[in-house]
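Colleague: I am new to this structure. Please take me closely through one part of it, the annotated site, and tell me what surrounds it.

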Amino acid sequence: MFTIVQYPHPALRKKARPVTEFTPEILEFGQELLKTLVPRRGKPLGVGLASNQVNQLYRIFVVKMPEGRYEIVVNPKIVKASSKTLSSLPQKARFLEGCLSIENYWGFIDRPIKIKVSYMNLKGLLKQKTLTPPHSSYFAHELDHLNGILFIDHLKHSGHQLYKSDTKGDFHPVSLAEHFPKI
Ligand SMILES: [Zn+2]
């Protein structure tokens, strides 16, 4: 299992490099990343984990897919995105995003409702899928990581509220400028 780095670790701001060869190291890395996100017991269990978050710079992440399975995704791309975004949905259909590298913080990120994605699996096989909420957001969040982008960056641009969760699981609005003055 890898250690998940926390903001402001510099790896979170780097651009990950495409995988060009499916070497034994890459296969092992992918499996280990999956084990870090989905351990047999205890924390963490998020919906995704990207290479940068374990201080490696491969274009690989692990993400929860619609079938409820976690997939190892290599060299991901969004090939098409709807112009309709989550803010056009009723309030109750919206959800907050969080991140295993920015623990206990949450925010609404206005992403496209539907995306068509392409990627490779660990065997180098090309796959394509159309994703809808919340899986479209999970995938886009992880792809952002490979480009050094964090969900709090989107909050800065959109002006949407940042929340902090407490030990009881309640959410409290907090100031982005005060909690993340450097973004
Ligand atoms: Zn994240």
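**A close look at the annotated site**

Modeller: Start with His145. It counts as buried, because 24 C-beta neighbours lie inside 10 Å; the threshold for that label is 20 or more. Keep in mind that this is a predicted model.

His145 has a place in helix H2. Leave aside residues up to four places away in sequence. His145 then touches Ala50, Asn52, Gln53 and Phe61.

Now the record. In an unreviewed entry, UniProt lists Cys99, His141 and His145 under "binding site". These residues span 47 residues in sequence, yet no two of their C-alpha atoms are more than 10.1 Å apart, so they gather at one spot.

Next, His141. Helix H2 holds this residue too, and the helix covers residues 135-146. His141 counts as buried, because it has 25 C-beta neighbours inside 10 Å. With residues up to four places away in sequence left out, its contacts are Gly48, Glu97 and Phe151.

Glu142 lies in helix H2. It counts as buried, because 25 C-beta neighbours fall inside 10 Å. Setting aside residues up to four places away in sequence, Glu142 touches Gly48, Ala50, Phe61 and Val63.

Three strands form an open sheet, in the order S4-S7-S8, with antiparallel pairing. Its edge strands are S4 (105-107) and S8 (171-174), and each pairs on one side only. From one strand to the next, the twist averages 40 degrees.

Look at how S4 meets S7. Strand S7 takes in residues 162-165, and three bridges join S4 to it. The two strands run antiparallel. For Trp106, the bridge partner in S7 is Tyr163.

To recap the site: His141, Glu142 and His145 lie in helix H2. His141, Glu142 and His145 count as buried.

Note on methods. Residues numbered from 1 in each chain as written. Predicted model: local features only at pLDDT ≥ 70, side-chain atom pairs only at ≥ 80, totals over all residues. UniProt positions renumbered as here; feature names shortened; annotations may be inferred. Helix = DSSP H or I, 4+ residues; strand = E, 2+ residues; numbered from the N terminus. Buried ≥ 20, exposed ≤ 12 C-beta atoms within 10 Å, placed from the backbone. Contact = placed C-beta atoms within 7 Å. Pairing = 2+ DSSP bridges. Axes fitted to C-alpha atoms, helices over the stretch in contact; angles between N-to-C directions.
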